[in-house]
Amino acid sequence: MTYVLVVLLTIFSASGIQQEQKITLQFDNETNCREVRNLINVGLSFYDLASKNTNYSAYVGRCTHAEKRKQINKL
C-alpha cells in the first residue's frame with residue numbers, strides 16, 4: 001500500500017508577494033507517514049516560537065491511501 005502526505009507552505013513577503021510551495025511525500029506504510037507528519041508539525045511549532053515576524057501559512061494534510069491508477073492503452 002502507498003500513502004501520500006501533502007504539505008503546502010505559503011510565505012507572505014513585506015512587499016505583498018506571496019510564494020507557495022507544495023510538497024508531496026510518498027510512503028510505503030501509514031506508520032512512517034504519520035511519524036513524518038508529526039515531525040513536520042513539531043518543526044513548524046518550533047519555527048513559530050523562534051520567529052514571530054514571519055508571515056506564513058502552512059497546511060499539513062492527512063496521510064491518505066493512494067490508489068494505483070489503471071493504465072489506459074491508447075489506440
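I began with Phe-46, which counts as exposed because its relative accessibility is 57%; exposed means over 50% relative accessible area, buried under 20% and partly exposed in between (1.4 Å probe, protein chains only).

A note on what I am reading: this is a predicted model, where local features need pLDDT of at least 70, side-chain atom pairs count only at pLDDT 80 or more, and totals for chains, interfaces and linings use all residues. Residues are numbered from 1 along each chain as its sequence is written, and side-chain values use heavy atoms, with hydrogens and water left out.

Next I looked up where Phe-46 sits, and found this residue in helix 1 (helices are DSSP runs of H or I, at least four residues; strands are runs of E, at least two; both numbered from the N terminus).

Then I turned to the core. I found that the largest nonpolar core has 8 residues: Tyr-3, Leu-5, Val-7, Phe-27, Cys-33, Leu-44, Val-60 and Cys-63. Such a core is a set of buried Ala, Val, Leu, Ile, Met, Phe, Trp, Tyr and Cys residues joined through side-chain atoms within 4.5 Å. Strand 1 (2-12) and helix 1 (30-50) each supply at least two residues of this core, and strand 1 gives the most, with 3.

I also checked Leu-25, in strand 2 (residues 18-27). Leu-25 counts as partly exposed because its relative accessible area is 26%. Beyond four places in sequence, I see Leu-25 in contact (heavy atoms within 4.5 Å) with Tyr-3, Val-4, Leu-5, Val-36 and Ile-40. From Leu-25 to Val-7 I read 8.2 Å, C-alpha to C-alpha, across 18 residues in sequence.
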